[in-house]
Amino acid sequence: MKILAIGDIVGTRAIDHLQKTLWKKRDELKIDLVIANGENASDIHGISAAYAQALLDCGVDVITLGNHTWAKRDIGDFLDGNTDKIIRPSNFPGSCPGIGHLIVNVCGYSVLVMNAQGQAFMDTLDSPFDSVELILAREKGNYDLSILDFHAEATSEKYAMGRYFDGRIDIIFGTHTHVPTADMQIFSGGTAYVTDLGMTGPTNGILGTDTNAVLRKMHDHMPSRFFPADGEIQAQAVIFELDGTKPVSVKRITF
C-alpha cells in the first residue's frame, strides 16, 4: 500500500495545480490513498465548501484541517455532510461542526485517519494527546491501520506526539509550518514519522504568502492584507509505503 500525504494547500492556484497533476501522479506512483491538509486552500485563510469539493474531485481522498478551519462560513455544513471525506482537529470542542477522525477502506484494510491541533503558540484547545487517546480507545478493533495529521507550530510538540504514540499509531505527519522537514524516519516502535510535510503553493513568497505583505507587517507592525504569492506552484508531499499494515519506507517528493 502507498499513501501520499500532501502539505498545506495554499490558495486557489494550488488547487488548480493539483487538478492538473494529482490524478497523473497517483497513477504514476500507484498511490492507494491521498490525504491533504486543506486549511489554507481559500487563498490562505480557511477552506470553502466549493474548494473542499474541488480538492476531492481532483484526487484527494481525505481532507484534514487546522487552526483556520472556521474562516469560511459554509464549511460547517460541509463538514457535517461529508464526515467520510473531511475532518477537523479532534481537540476542538465537541459542539463544533464535523468530526476529528474517520475510517476509510483502502486495499481491503480499514484505515483510521485522525486530525489534531497543537497547543504551543496556537489557540488554547483541549490536549491533543488526550483527544487522540480517546479516538484510539473508541475505535479499538475497528481499524487495521492508523494515521494522524498533527497540525502544530512547535517542532518539539510534533516530535513529542510522534514519540508518545510510537508503536500505537502507524503513520504520524505534521502540518502547519509550510516548511518541509528532512527527518523522515521509522521509529523503533514501528511508527513512520515526519515533522512537517511542507506546503502546496507558490514558491516565490514567504510560506506561500506575498513577500511584501509579510515584510510590511513584520517591519512596520501595521495592518497588512495577506494574499498568496506569485510564481511557480509546487506540491510538497511524502509517500508512506507499507507492507500490509507495516510501514517500510518514508520518502519525500515534489511535483
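In α5, the residues Glu157, Lys158, Met161 and Gly162 are buried, where buried means under 20% relative accessible area, exposed over 50% and partly exposed in between, with a 1.4 Å probe and protein chains only. Viewed along the axis of α5, these buried residues lie within an arc of 140°, so they line one face of the helix; the arc is that of the directions from the helix axis to the C-beta atoms. The model is a predicted one, in which local features need pLDDT of at least 70 and side-chain atom pairs count only at pLDDT 80 or more, while totals for chains, interfaces and linings use all residues. Residues are numbered from 1 along each chain as its sequence is written, and side-chain values use heavy atoms, with hydrogens and water left out. Helices (H or I, at least four residues) and strands (E, at least two) are DSSP runs, numbered from the N terminus.

The buried residues of α5 pack against α4, β7, β8 (171-175) and β10 (192-194), contact being defined as heavy atoms within 4.5 Å.

Two packed helices are described by the angle between their axes and the distance between the axes. For α4 (residues 128-138) and α5 (residues 155-164), the axes come within 11 Å and cross at roughly 30°. Here axes are lines fitted to C-alpha atoms, for helices over the stretch in contact, and angles run from 0 to 180 degrees between N-to-C directions. The two helices α4 and α5 are therefore roughly parallel to each other, since angles under 35 degrees count as roughly parallel, over 145 as roughly antiparallel, 65 to 115 as roughly perpendicular and the rest as oblique. The crossing of α4 past α5 is right-handed; a crossing is right-handed if the near helix is turned clockwise from the far one by less than a right angle, and left-handed if anticlockwise.

At this contact, Pro128, Phe129 and Glu133 of α4 meet Glu157, Ala160, Met161 and Tyr164 of α5. The contact residues comprise five nonpolar, no polar and two charged, with Ala, Val, Leu, Ile, Met, Phe, Trp, Tyr, Cys and Pro counted as nonpolar, Asp, Glu, Lys and Arg as charged, and the others, Gly among them, as polar.

Within α4, the buried residues are Pro128, Phe129, Ser131, Val132, Ile135 and Leu136. They cover an arc of only 165° around the axis, which puts them on the same side of α4. Their cover includes β5 (101-106), β6 (109-117), β7 (145-151) and α5. The face of α4 turned away from this buried side carries the exposed residues Leu134, Ala137 and Arg138.

Strand β6 contains Val113, which counts as buried at 1% relative accessibility. Not counting residues up to four places away in sequence, Val113 touches Ile35, Val62, Ile87, Gly100, His101, Leu102 and Ile147.

In strand β12 (residues 228-243) lies Ile233, also buried, with a relative accessible area of 13%. Its C-alpha atom is 4.3 Å from that of Pro202, although Ile233 and Pro202 are 31 residues apart in sequence. Leaving aside neighbours within four places in sequence, Ile233 contacts Arg13, Ala14, His17, Gly201 and Pro202.

Two loop residues call for a note on backbone geometry. Asp43, in the loop between β3 (33-37) and α2 (49-57), has a positive phi of about 50° although it is not a glycine; at 36% relative accessibility, Asp43 counts as partly exposed. His176, in the loop between β8 and β9 (185-186), has a positive phi near 110° and is likewise not a glycine. At 15% relative accessibility, His176 counts as buried.
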